[in-house]
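Please keep the sequence and the coordinates open while working through them.

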Amino acid sequence: MNFKDLATVAGKPGLFKVLKPSRTGVILESMDAKKTKLVAGMSQRVSILSDISIYTLTEEGAEPLESVMQKIEAEFQGDLGLDANPDDSELRAFMKHVLPEVDEARVYTSDIKKLINWYNLLKVQAPEVLQKTEEEKPVETKSEEKSDN
């Protein structure tokens, strides 16, 4: 499973696994313990996680959600160090630590809460998507192989 297989639906909490497209929309399965199925029609806003980004002040203007989640996983390994009910300043400090170039004017506290909730859900339900893929890791083995020959 990867970020292309996961979605969020506007107005519905949590994340959903994309099962398959249908004639009227897409069939989704919730990633909570209930595993309820849902047919999201054309009138519902469905966003695939690989298409979601977080606003930054960099030249690109945004950082993909996938790389932000992988940074969180690499640094915190599941223990975010946040209170059970963190206040706005604690959430903003956490976001600034994870992504120093975050655009604080366009990233709301509710967005940070959503990011943390999604991260915690993925950590339990699909921890493999939080790991860096092979193509993102530095390619050192090829140069080592050439030097051995």
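**Exercise 1.** Is Lys37 buried or exposed? Then identify its salt-bridge partner and the network around this pair.

*Solution.* The model is a predicted one, in which local features need pLDDT of at least 70 and side-chain atom pairs count only at pLDDT 80 or more, while totals for chains, interfaces and linings use all residues. Residues are numbered from 1 along each chain as its sequence is written, and side-chain values use heavy atoms, with hydrogens and water left out.

Step 1. Lys37 has a relative accessible area of 57% and is exposed, given that buried means under 20% relative accessible area, exposed over 50%, and partly exposed in between, with a 1.4 Å probe and protein chains only.

Step 2. The side chain of Lys37 meets that of Glu29 in a salt bridge at 3.3 Å, N to O, where the term requires a side-chain nitrogen of Lys or Arg within 4 Å of a carboxyl oxygen of Asp or Glu. Glu29, at 12% relative accessible area, is buried.

**Exercise 2.** What is the volume of the largest pocket, and which residues and elements line it?

*Solution.* Step 1. The largest pocket holds about 590 Å³ of space. On a 1 Å grid over the protein atoms alone, where a 1.4 Å probe fits, a pocket is an open set of points with protein on both sides within 12 Å along at least five of seven lines, and lining residues have an atom within 4 Å of a point.

Step 1. The lining has 25 residues, and those closest to the pocket centre are Ile52, Ser53, Asp111, Lys114 and Trp118.

Step 2. At least two lining residues come from each of β1 (6-9), β6 (53-55) and α3 (109-125), with helices (H or I, at least four residues) and strands (E, at least two) taken as DSSP runs numbered from the N terminus. The largest share, 7 residues, is supplied by α3.

Definitions and conventions: Points joined across faces, edges and corners; volume = space filled by probe spheres on them.
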